[in-house]
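Here is a quick tour for anyone about to work with these coordinates. Have a look at the fold before reading on.

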Amino acid sequence: MLQRFLDPSVLAAISGLELVAKTVVDGFVAGLHQSPDFGFSQEFAEYRAYSPGDDLRHVDWNVYARTERLYLRRYRGETNSLLTILLDASNSMQFGSHAVKKMDYARYLAASLFYLAIHGQRDAAGLITFDDEIRNYVRPSTRQGQFHRLLAGLEQAEPRARTDFAKPMRHFQQLLSRRGMVLIVSDFWESPESIIRTIEPLRFRGNEVVLFHVLDPEDVYPQLSGPSILIDMETEAQLEVTPDYSKREYRDKIQAHLTDLRDRTQAAGMGYYLLMTDRPLDEALREYLTLRGGRN
């Protein structure tokens with residue numbers, strides 16, 4: 001039942017990103033603690049996750065008894081984290097083989113992460129939308145109304161143009177005022193070597209960098225009933241393919257691409273998560289909370 005609230009097809013029927021985000025986070029926390037009355041905003045505002053080396057005298061064992069997770073009570077004046085989401089708004093993100101396009105899924109994900117950051121963790125949060133240029137920049141902030149400014153930025157992110165990571169990443173490095181978490185949400189239709197070479201400098205600046213790789217199921221397992229012409233949504237290049245090609249050679253190529261990107265990302269000290277648009281959002285939220293806990 002709880003997973004239903006994280007199901008992208010259910011979220012697609014909800015009007016408004018704010019309600020989507022609240023639905024996702026409430027469902028996630030209820031599933032995490034097996035109780036809809038856990039009180040997310042209070043518990044996670046007052047505690048942080050245990051990290052190796054922390055003084056065990058500060059562990060709240062009552063919370064551990066309920067959650068089977070180690071949390072330390074947070075103290076007034078503790079430094080909050082900085083979260084910036086870089087959202088790919090290129091044309092390929094328009095694709096969708098079911099109720100939720102990649103762009104919609106990326107919006108749901110980003111809105112939910114912003115909700116967690118601002119309402120659950122009191123972090124500063126910011127947004128950059130890009131294709132081959134920076135299209136919008138919402139400066140990270142904790143000031144009142146920031147969540148709604150971020151949601152407005154997500155709503156305005158309409159896919160266009162081609163993906164070019166180089167220029168937006170160079171520009172983003174100039175915008176960084178202090179280190180934090182950088183989450184890049186994209187379908188990453190570019191060579192893994194080029195992607196990592198472009199993004200890796202963000203890691204050198206002391207940032208925690210994670211690639212959230214958003215793909216439609218048919219990006220990985222295309223279903224063709226006969227010979228078809230595939231059109232690249234960014235370049236408009238055409239390719240005639242057969243069902244046999246899509247089941248054999250293409251699947252080998254896409255799996256090699258995914259493996260290469262994952263391995264290069266991890267070798268560069270960055271995180272990698274593959275998110276299929278027909279799957280619930282809970283794993284992405286777990287990853288964010290793990291990272292967030294480790295930075296305090």
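The chain comes in at an average pLDDT of 83, and 82% of the residues score at least 70.

The stretch to watch is residues 34–45, where pLDDT stays under 50. The model still gives that stretch 26 contacts beyond four places in sequence. Where pLDDT is low, though, the predicted coordinates should not be read in detail.

## The sheet

Six strands make up an open sheet, and reading across it the order is E5-E4-E3-E6-E7-E10, with mixed pairing. Strand E5 (134–141) and strand E10 (271–276) sit at the edges, each pairing on one side only. On average, neighbouring strands are turned by 15° against each other, ignoring direction.

Within the sheet, E6 and strand E7 (residues 208–215) run parallel and share six bridges.

## Helices and how they pack

Which strands does helix H7 lie across? Helix H7 (residues 166–175) lies across strand E3 (82–88), strand E4 (124–130), E5 and E6, and runs at about 155° to E4.

Helix H5 (residues 102–120) packs with H6 at an angle of about 170°, and their axes are 10 Å apart. That angle is over 145°, so the two helices count as roughly antiparallel. On the H5 side the contact is made by Arg107, Ala110, Ala111, Phe114, Tyr115, Ile118 and His119. H6 contributes Gln146, Phe147, Leu150, Leu151, Leu154 and Glu155. Sorted by type, the residues of this contact are nine nonpolar, two polar and two charged.

## A buried aspartate

Asp187 is worth a click. It is found in the loop between strand E6 (181–186) and helix H8 (192–204). Is Asp187 buried or exposed? Its relative accessible area is 0%, and since anything under 20% counts as buried, Asp187 is buried.

Leaving out residues up to four places away in sequence, Asp187 touches Asp88, Ser92, Met93, Lys102, His213, Val214 and Leu215. Some of these belong to elements met above: Asp88 falls in E3 (82–88), Lys102 in H5 (residues 102–120), and His213, Val214 and Leu215 in E7 (residues 208–215).

How values were computed: Residues numbered from 1 in each chain as written. Predicted model: local features only at pLDDT ≥ 70, side-chain atom pairs only at ≥ 80, totals over all residues. Heavy atoms only, no water. pLDDT = per-residue confidence, 0-100. Contact = heavy atoms within 4.5 Å. Helix = DSSP H or I, 4+ residues; strand = E, 2+ residues; numbered from the N terminus. Buried < 20%, exposed > 50% of the residue type's maximum accessible area, 1.4 Å probe, protein only. Axes fitted to C-alpha atoms, helices over the stretch in contact; angles between N-to-C directions. Parallel < 35°, antiparallel > 145°, perpendicular 65-115°, else oblique. Nonpolar A, V, L, I, M, F, W, Y, C, P; charged D, E, K, R; others polar. Pairing = 2+ DSSP bridges.
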